[in-house]
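Grab a pencil and work through the exercises below with the structure open beside you. Try each task yourself before you read its solution.

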Amino acid sequence: MGPERLAFRLLLPSVAVLLLVIAYPVLRAVYGSFFDDRPMGPAAFIGFDNYARALWGAGGADFWAAFRVTFLFTVVTVVLEVLIGLGMAAIMHRSFRGRGLLRASVLVPWAIPTAVAAVLWRWAFDPRGIVNHLFGADVTWTGAEWPSKFAIVFADTWKTAPFVALLILAGLQIIPKEVYEAARIDGAGVLHRFRHITLPLVKPALVVAVLFRMLDALRLYDLPAILTNGANDTTTLSILVVRASLGDLKPGYGGALSTLTFLLIFVTAFLFVRLLGAGALGRDRT
Amino acid sequence: MSTTAHEVRRWGGTAGLLLANGLVLVFCLAPFGWMVVSSLKPPAEIFDNRLLPANPSLVNYAAVFGSGSDFTLALRNSLVISASVTVISMVIGVFAAYALARLKFRGRNLVLGFFLAMSMFPGVAILSPVFQLFADWGWINTYQSMIIPDVGFSLPLGVWVLTTFFAAMPWELEAAARTDGATPSQAFRHVILPLSVPGVFTTAILVFISAWNEFMVANSMSQTPDVQPVTVAIAKFTGVSQFDQPFGTQMAAGVVVTVPLVILVLLFQRRIISGLTAGGVKG
Amino acid sequence: MTFRKTRLAACASAGILTMLLSACGGGTPAASDDSGLGPGRGPIVFASGKDFTAEMNTLLAKWNEAHPQETVKMLELSASPDDQRASFVQNFQAKSSAYDVLWSDVVWTSEFASRGWLEPLDKAALGGPDILPTAVQTAEYDGKLYGAPFITNAALLFYRKDLVPEPPTTWAEMWAACDEHLTPEMSCYAGQFAQYEGLTVNAAEAVNGAGGAFLSDDGKTVAVDSPEARAGLQTLVDAMKNGKISKDAITYKEEESRRAFVEGRLMFLRNWPYVYTSAGAADSAVKDKFGTALLPGVNGPGSSSLGGIDLVVSAFSKHKETAKDWIAFMQSEETQRFVVAKMNQASVRAALYDDPELIAQSPYLPTLKQSLTTATPRPRTADYNAVTLAVQTNAYAALQGGKSVDQAITDMASQLSAAIAQ
């Protein structure tokens, strides 16, 4: 069997599942975005009207506000998560005693169901909650703009830095020990070893972790929905989509919003892969 | 002299490492600790901000498993769904990742891009069409109506991570095994797979946990307790009125669903890693 | 480059898949009417909100015993109204017959009815003169009845009778009472001011109490751009600014505000009757120290917003006749008495509020009846979700001080007209 046929067979199951439960629904949503949302009777084809409405029509202000806050959240949380995740991974990699326990503990924030974690943070950031109590503060966390944003960024970073850490750790574990030993004997310092040996070797894992964190952060929904319900300029693009599709019962307009969200994410991911990730997946075979 | 300096440095390194360990533990576990503490407080004291419960009580746990609650059933459903999602995703994901990392074929980057693009749509946009499709098939309120979308959600990450790890493998070993007469599949299973265990295992954990925590699809697809997973069961917890947020019960439920997960990971970690490594050496 | 090609490839293959699916998708099983009961009769499914007391089972058992061939199965949905609504919408959009009778929050009935998802009901067969007219209004859309009001709700003013012997009837009296009697650790007044549905309810009460409205009665024109509406919102904004409402209250939902009152931190609280039980409980700081009154207004008592649940029949139900009988049973005098006595909910039947036995159990019933009969339903419109969002966001901005009241009302008016225009 030639490599092309083998590749086709190996890829078929994954691609089939994705076509069924993602691509087909997505195409239906995109198709629907060209129709209006009249309550009764067959919907009428309206071309790009839903898109025009979202970008510069009645929905423009909401859309661009959501765009700004979504990208703000994404940049801040992804940067924090990478820094913290790298640190955590390095510590876990170097600890031998209690390493399993450390790994399990790091998993805890990620393992708590998102809805439960969001409720935990909602009460923790209550004006009379544990956060104000511990720090002797008197902040209405979920009642003002920047405290709300801080609370959301903090809760998200806490929950997903472990995801980054675990992926980087796995990347570190497949680096052969000999490489390190050799560098140590050569007298390379910690920073030097990190920059010239560790970083290039974990780069593929790091790029994938950042890429997927970015895709998730750009679709952030639960935390702002539960902590602030979108108040205080925390309405993300996903909240807008849910509001339009399920809230306002306007699947056409909702479809347009989610297509726009998709395009924004697509462009962002594309630029990211182009700028930082070239060659991340090993030998480029095309 | 140089020995002493070396020792001092090592001792300092160890202390630093311990401190760093401590920081990581506090960062990760303090909020969880607060969850445990809250879950042990009786309703009247739940908001008293004491760091330890004044009158520890299991009343919230009793409420989780109490009469009329199907929480044990929900735990079982979550286990069935998440385990199926993990097994299916990992098996077909490993196939795909092998092809992407190892085989020369046209359109490889296109396929990688396709997998990535499948993670770029807001979930809610996917929900309605899938629901209608499954309703037409009579699939509503079945395990597969949750398992298959979850597999779809986890495959892009799974395939990308596995591809990365496979790409970093020393494929010369596989080639050597092939020259020794092993079939491609044998060479892969006995040489490459054992070496990529950390990557495969990490991916499996990530997939399992995201399936375990999935709510949106489950809330739409499952209608009766016999298929509902824990996330849906938790969303049904209430206090005595529609306005009452049963904080204590929700925290107890959070502890109940998180702790077994972590223990499971700890156990599997040892079993799987040692098992596979041993198999690899023997093979 | 490569990514764009990917998308094209994905589109093409998904197109093929779609054709395959439509070819292989099986039809839904046909309705079996072998029961001999006649058309539209047979077992039904009742998609219910959370049953807080587990007493619903008693009602089900009673019905099922009397109707062995038309049994009702209850599916209890998530406790969150948003999740309940999402599940309903999914089923309606898929034209699924999985739910026959649904538990519809009063503000959803118009939205569902306007999309043709609900079966119109016979006004003569349901209710009768004893059903509270304000509750019936919530179930009407475009002149037709689409739901049977099952439980209703109106707000009460909880006050500290140990500190304020006579409850105030106007805002001015309430602020004056606080100036006179407030202790340092207390704040004067709270309602629900976080940005969510509760804020619409509170803002509506302030606006209605001042003689204003958000929309016209038929829900087809915007009415908020008026001096009365401005005055109503101004009352809350002023109280927030001068500290009569504590700054924490900008995060309050029902529970946070209830806690503040039950812990003795509030003089006056606007909330639903459910607070009565916990405020009177043994561990409450205000046990035996509180009373209930009507909400304050400008020149006399104000007007509460109306809460509650309508039972509606799905247009896609295969057993609509049984469904209609079931909702009539749920509205019957006997069931409604049970709703008050055992389920601790507000009945839609006026006579039960004068029942001495029930009043002994829930002494606030006479006040609640007054509050209910003078209540104002929230706007009834096919676009309620967009309407409430326009109200919430602008009222919130005004309360926070980010917008002047004038600006908030002007913006609200333009967003409301955009919301009901489409």
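## Exercise 1: Where chains A and B meet

Task: work out how many residues each chain brings to the contact between chain B and chain A, and which elements of chain B take part.

Solution. Keep in mind from the start that this is a predicted model.

Step 1. Count each side: chain B brings 76 residues to the contact and chain A brings 77.

Step 2. Look for the elements of chain B that supply at least two residues each. They are α1 (2–39), α3 (71–102), α4 (108–117), α5 (123–137), α6 (144–167), α9 (197–212), α11 (230–235) and α12 (247–282).

Step 3. Pick out the top contributor: α6(B) gives the most to this side, with 13 residues.

## Exercise 2: One helix, two partners

Task: describe the build of chain A, then find how α9(A) packs against α6(B) and against α12(A).

Solution. Step 1. Start with the chain itself. Chain A has 12 helices and zero strands, and its C-alpha trace spans about 75 × 70 × 30 Å along its principal axes.

Step 1. Know what to look for. Two packed helices are described by the angle between their axes and by the distance between those axes.

Step 2. Take the partner in chain B. The axes of α9(A) and α6(B) are 9 Å apart, and the angle is about 170°. Angles over 145 degrees count as roughly antiparallel, so α9(A) is roughly antiparallel to α6(B).

Step 3. Name the residues that touch. α9(A) uses Pro204(A), Ala205(A), Val208(A) and Phe212(A), while α6(B) uses Leu157(B), Trp160(B), Val161(B), Thr164(B) and Ala167(B). By class, that's eight nonpolar, one polar and no charged.

Step 4. Now take the partner within chain A. α9 (residues 190–217) and α12 (residues 251–275) of chain A have axes 10 Å apart and pack at about 165°. α9(A) and α12(A) are therefore roughly antiparallel too, and their crossing is right-handed.

Step 5. List this second contact. From α9(A) come Leu211(A), Met214(A) and Leu215(A), and they meet Ile265(A), Thr268(A), Ala269(A) and Phe272(A) of α12(A). Here the classes are six nonpolar, one polar and no charged.

## Exercise 3: Chain C and its domains

Step 1. Count the contact: 15 residues come from domain 1 of chain C and 16 from domain 2 of chain C.

Step 2. α14(C) has the largest share, five residues.

Step 3. Class the domain 1 side: seven nonpolar, seven polar and one charged.

## Exercise 4: A crossing inside chain C

Task: are α7(C) and α8(C) antiparallel or oblique to each other?

Solution. Step 1. Read off the geometry. The axes of α7 (residues 197–209) and α8 (residues 227–241) of chain C come within 7 Å and cross at roughly 125°.

Step 1. Decide: α7(C) and α8(C) are therefore oblique to each other. Their crossing is right-handed.

Step 2. Find the residues. On α7(C) they are Ala203(C), Ala206(C), Val207(C) and Gly209(C), and on α8(C) they are Ala229(C), Gly232(C), Leu233(C), Thr235(C) and Leu236(C). They divide into six nonpolar, three polar and no charged.

## Exercise 5: Where chain C touches chain A

Task: how many residues does each chain give to the contact between chain C and chain A, and which element of chain C gives the largest share?

Solution. Step 1. Chain C gives 26 residues and chain A gives 22.

Step 1. On the chain C side, α1 (2–24), α3 (81–93), α4 and α15 (384–400) each supply at least two residues. The largest share, seven residues, belongs to α1(C).

Step 2. The chain C side has 13 nonpolar, eight polar and five charged residues.

Note on methods:
Residues are numbered from 1 along each chain as its sequence is written. Chains are lettered from A and ligands numbered from 1 in the order in which they are written. This is a predicted model: local features need pLDDT of at least 70, side-chain atom pairs count only at pLDDT 80 or more; totals for chains, interfaces and linings use all residues. Two residues are in contact if their C-beta atoms, placed from the backbone, lie within 7 Å. Helices (H or I, at least four residues) and strands (E, at least two) are DSSP runs, numbered from the N terminus. Ala, Val, Leu, Ile, Met, Phe, Trp, Tyr, Cys and Pro count as nonpolar, Asp, Glu, Lys and Arg as charged, and the others, Gly among them, as polar. Axes are lines fitted to C-alpha atoms, for helices over the stretch in contact, and angles run from 0 to 180 degrees between N-to-C directions. Angles under 35 degrees count as roughly parallel, over 145 as roughly antiparallel, 65 to 115 as roughly perpendicular and the rest as oblique. A crossing is left-handed if the near helix is turned anticlockwise from the far one by less than a right angle, and right-handed if clockwise.
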